[in-house]
Amino acid sequence: MAILELIFILIVSVTISNVVSHFATDIPASLFQIVIGLFLSLAFGVYIEVDSHWFMLLFVAPLLYNDAWRFPKRELWELRGPILGNAIVLVLLTTLVGGFLMHLLIPQLPRSVALALAAVVSPTDPVAVQAIAKRVKLPENVMHIVAGESLINDASGLVSFNTAIKATVAGTFLLSQAIGNFFWMTLIGLSVGLVIGGISVWLRDVFHRVGLNDAVFHTVITLLTPFLIYWTAEEFFHASGVIAVVAGGVLTKVLSDQRFDARNPEISVTGVRTWEIFAYLLNGSVFVLLGIELPPAMEGVVQNSQIHTGQAIFYGIVTWFIVFVIRTLWAYSNQVLMYLKDRSHHPLFKTAVTSGLTGVRGAVTMAAVLTVPSVIDDGTAFPQRSLLVFVAAVVVIISLLVATIMLPIVTNERSAHDFTQPSISDAEEETTKHASHVDMTEAQARIFSIQVSIQVLRENQRDNNRVIIYELITRKQATIAQIRRQSKDDRLMFTPVDDAELRRIALEAQRDRLQQLLVAEEISPLAFSTQTRRLEVLDRAIESNTHFHVSPKWARILMQRVIRAIRIWFSDETSEAFKEETSLAIKETAKAAINALSEHMVKHSGDTVSQRLDRQNAYNLIVTYRYRIENEKRPDTALQREIDERMRMELEIKALNAQRETIQNLYEQGRIKRQAGINIRQFINYAETAALAGKDEE
């Protein structure tokens, strides 16, 4: 398959899985990606021959470098004992004990292959755990240990895996040789990663001093760094590229935080966001490839006369159970040791089981197992390669399914904290709690700040910027409506009945006025038909109570639009005449809607809460119709568009500054939590960046 077609298929597959997982939030996206890969393989016969060298270089190296870049420094230091124990000792224990048990369980696997299987299923995948942690409350120590150990156990697990694979390929397995090879790969790989990581930071520092501060250029350097580190370690020193990448990533992050990124935050932000997208695509692609590789592996298992397919699935389930039991017993033993040191920490088997369930296997496991060579040094086939890949895939799938189902049951508590967001220290949280009473949620604070910005826009309204003001206010009102719809706070929920009633009042007034224009022959039947269709779309939006309505009649609607466009093209009337009639219809129907809403506001002039809310909703709709009128009056010339764009940017910046000041005041008054303030200010910063994007300084 051509490389461009492969890249396109993988990106589209990952995108589709993300869309599906958005509507099924309880299921990890990786499971959907595996299913999509299976579908591609079974339905379209997609097959990809995986080469171990390019696969490790393309997928494993950048994924591990990204994990190192997200290095949890504070948690890793505070929990360094449990993290290093899980990442090194537990991995080696799982490899040796688990490998021995798997060899007894699956006698068809040679001892070295069984050790390789145990090693490759030992690393954990924090991405899947974090997705689950968004909906269930995990003990913070457990979550931080998983995040910290995943950074190191990927390296230790893959070094053990590669050692066992090389022993299998060579045909001999000597414990002394394996241990010597392990230390060589580890120490030399560590040295290579530290040296090249330090050089990359030094080069970026030199470029900064000579004035080369382009964010794109520096981001490209960070993207190339893991590939260079991995290739150098593997190709020239025959050391562990995995260890080298992790070491280089950690050193690069630490030095960059101290020396470079603080001087140019744009480079830091650009690099982080670029890596998020890159790692997202790579991580998803690995699971799609797993799904594509499963049918060939299944075929190899089915054709194996020594092993039945059901037996192979059973082997996968028992292999997962062995790894789960080892991890659970290890976690409980750590609790017992902590209890012997500090009698205040009582061992809880429930916490140990939770720790065992968080040992979800993921992208690194599959990326590694797919690199197993097809043949060994003597030219014969790699022993039981299909069974090895199949069992590892079953372990990944089972670990994801069991964690998804069992973690909410074991914890029995919804999550109150998103572990994917930056954490707040206990001292800072306590200071905020004791300073004053927090009485606003993040959603309430966002709405309040937007309302303040709307008031600022109204104060800046002039005759020459009225249309821009109406446009920005309309957008911000739509944002408030979206926040209310998505919020679970009853105090922010819409009153959809009242809102729909106002829209119907405005809609009926527009229909009446449109009919009057047709009777008075101020518009043609074609313009009348076009505007009637527009009002029908608004009517359907009211019925569905959403701005986006998916209808099974979409094909008929699309065909009607095409036919209407053809009628306009071939009509006797000129295009300019049709545009003038359309503009007249829009302005007149908008005026009719404003008059109808104004009369409604007069009828509901009381001072109850519902009446005030009703008037506010009516006013919001009136602003929308005023924007339509002013927009139709605006001359559509290149010069006017340029003036409008400059004016829009200036007004948007004023509004965002007002939002930022409002959020700061709310935080200083203690009305919102620190994390809520951080999240909202970050959103405001993104909006400001978008407003300024592509605007040249004058």
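**Stop 1**

Select Leu93, which counts as partly exposed because its relative accessibility is 34%; buried means under 20% relative accessible area, exposed over 50%, and partly exposed in between (1.4 Å probe, protein chains only). This is a predicted model, in which local features need pLDDT of at least 70 and side-chain atom pairs count only at pLDDT 80 or more, while totals for chains, interfaces and linings use all residues. Residues are numbered from 1 along each chain as its sequence is written, and side-chain values use heavy atoms, with hydrogens and water left out.

Leu93 is in helix H5 (residues 80-105); helices are DSSP runs (H or I, at least four residues), numbered from the N terminus.

**Stop 2**

Next, go to Thr219 in helix H10 (residues 215-236). Thr219 has a relative accessible area of 5%, so it is buried. Which residues does Thr219 touch, not counting those up to four places away in sequence? They are Thr270, Gly271 and Thr274, where contact means heavy atoms within 4.5 Å.

Now select Gln510, in helix H20 (residues 496-519). Gln510 counts as buried because its relative accessibility is 1%. Leaving aside neighbours within four places in sequence, the contacts of Gln510 are Arg534, Leu535, Thr589, Ala593, Tyr625 and Arg628.

**Stop 2: helix H16**

Select residues 385-411, which are helix H16. The expected span is 1.5 Å times one less than the number of residues, so the 27 residues of H16 should span 39 Å, and the 38 Å between the end C-alpha atoms agrees with that. Of these 27 residues, 19 are buried. Centre on Ala403, where H16 bends by about 30°; the bend is the angle between axes fitted to the seven residues ending there and the seven starting there. Asn412 follows H16 and has a positive phi, near 55°.

**Stop 3: salt bridges**

How many salt bridges are there? The count is 13, taking a side-chain nitrogen of Lys or Arg within 4 Å of a carboxyl oxygen of Asp or Glu.

Show Glu652 and Lys476, a salt bridge whose closest N and O atoms are 3.5 Å apart. Glu652 lies in helix H25 (residues 638-668) and Lys476 in helix H19 (residues 466-486), so the pair ties together parts 176 residues apart in sequence. Glu652 counts as buried at 15% relative accessibility, and Lys476 counts as buried at 8%.

Then show Arg513 and Glu588, whose side chains meet in a salt bridge (3.0 Å, N to O). Arg513 is in helix H20 and Glu588 in helix H23 (residues 575-603), so this pair ties together parts 75 residues apart in sequence. Glu588 is buried, with a relative accessible area of 18%.

Glu536 is partly exposed at 28% relative accessible area, and Arg533 is partly exposed at 31%. Last, select Glu471, Arg475, Glu645 and Arg648, which salt bridges with shared partners join into one network.

Technical notes: Helices (H or I, at least four residues) and strands (E, at least two) are DSSP runs, numbered from the N terminus.
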